[in-house]
Amino acid sequence: MIAGDGVRVTVTVGVAPDVAFAVFTTEIDRWWRRGPKYRVAGREPGVLVLEPREGGRLFESYADGAALHEAGRVVVWDPPHRLELDWRGGNFAPGEVTRVAVAFTDLGGRTRVELVHTGFATLRPDHPVRHGEEVAAFIRRLGMWWGDLATSFRELAAP
């Protein structure tokens with residue numbers, strides 16, 4: 001990974017990979033935190049959906065279904081081992097994309113879930129996704145954001 005290009009977050013959950021993969025994908029709306037820091041809908045009610053197939057969308061539906069934000073497209077669907085998404089922030093221009101890769105590793109009754117989000121080096125230095133932050137500060141904040149989500153996932157997958 002190029003310095004400043006992305007983040008890596010790892011959690012271990014006390015369930016087998018098939019269960020961890022299922023919770024990560026089919027219960028994403030339950031573990032993905034709510035509020036303006038994590039969702040386009042902000043404080044309004046919305047639903048986050050991951051369509052379970054290659055080419056499937058990761059999207060948030062809100063405003064009683066009248067609005068939809070597509071955050072990603074599944075490019076690798078390999079249950080229960082791997083999931084990869086082309087990721088687009090709400091302020092990305094057409095053609096701008098990053099990659100989120102999630103690997104599920106069997107640890108004998110437990111699963112290590114490693115999420116790697118890369119591709120930021122391809123975006124211009126003053127891209128709005130960085131909120132005016134220097135690269136190191138932006139990557140640190142992004143890592144904390146994914147870390148918060150990974151903690152929420154871990155708490156749901158194996159309470």
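The largest pocket is lined by 25 residues, of which Lys37, Trp87, Gly89, Gly90 and Trp145 lie nearest its centre. Its volume is about 560 Å³. The elements that contribute two or more residues to the lining of this pocket are β3, β4 and α3. The largest share, four residues, comes from α3. A pocket here is an open set of points on a 1 Å grid over the protein atoms alone, with protein on both sides within 12 Å along at least five of seven lines; lining residues have an atom within 4 Å of a point. Grid points are joined across faces, edges and corners, and a volume is the space filled by probe spheres set on the points.

The model is predicted: local features need pLDDT of at least 70, side-chain atom pairs count only at pLDDT 80 or more, and totals for chains, interfaces and linings use all residues. Residues are numbered from 1 along each chain as its sequence is written, and side-chain values use heavy atoms, with hydrogens and water left out.

Seven strands form an open sheet. Their order is β1-β7-β6-β5-β4-β3-β2, and the pairing is antiparallel. Strands (E, at least two residues) and helices (H or I, at least four) are DSSP runs, numbered from the N terminus. Two strands pair if DSSP finds at least two bridges between them. The edge strands, β1 (7-13) and β2 (46-50), each pair on one side only. From one strand to the next, the twist averages 20°. Axes are lines fitted to C-alpha atoms, for helices over the stretch in contact; angles run from 0 to 180 degrees between N-to-C directions.

Five bridges link β2 to β3 (residues 57-62) in the antiparallel sense. Gly46 stands opposite Tyr62 in β3, and Leu50 stands opposite Leu58 in β3. The hairpin of β2 and β3 has six residues between the strands. There, Gly55 takes a positive phi near 90°. On to β4, β3 is joined by six bridges, again antiparallel. Glu60 faces His69 of β4 in this pairing, standing opposite it. Four residues lie between the strands in the hairpin of β3 and β4, where Ala63 has a positive phi near 55°. Five of the six residues of β3 are buried, so this strand is largely enclosed by the rest of the structure. Buried means under 20% relative accessible area, with a 1.4 Å probe and protein chains only.

The largest nonpolar core has 39 residues. Such a core is a set of buried Ala, Val, Leu, Ile, Met, Phe, Trp, Tyr and Cys residues joined through side-chain atoms within 4.5 Å. Trp32, Trp146 and Phe153 have the most contacts inside the largest core. Contact means heavy atoms within 4.5 Å. Leaving aside residues up to four places away in sequence, Phe153 touches Val11, Val13, Ala20, Val23, Phe24, Trp31 and Val113.

Two cavities of 30 Å³ or more are found in a search of the whole structure. A cavity is a set of grid points where a 1.4 Å probe fits but cannot get out. Among the residues lining the largest cavity are Val9, Thr10, Leu115, Leu149 and Ala150. Phe153 and Trp146 also belong to this lining. β1, β7 and α3 are the elements that give two or more residues to the lining. α3 gives the most, with four residues.

Note on methods:
Buried < 20%, exposed > 50% of the residue type's maximum accessible area, 1.4 Å probe, protein only.
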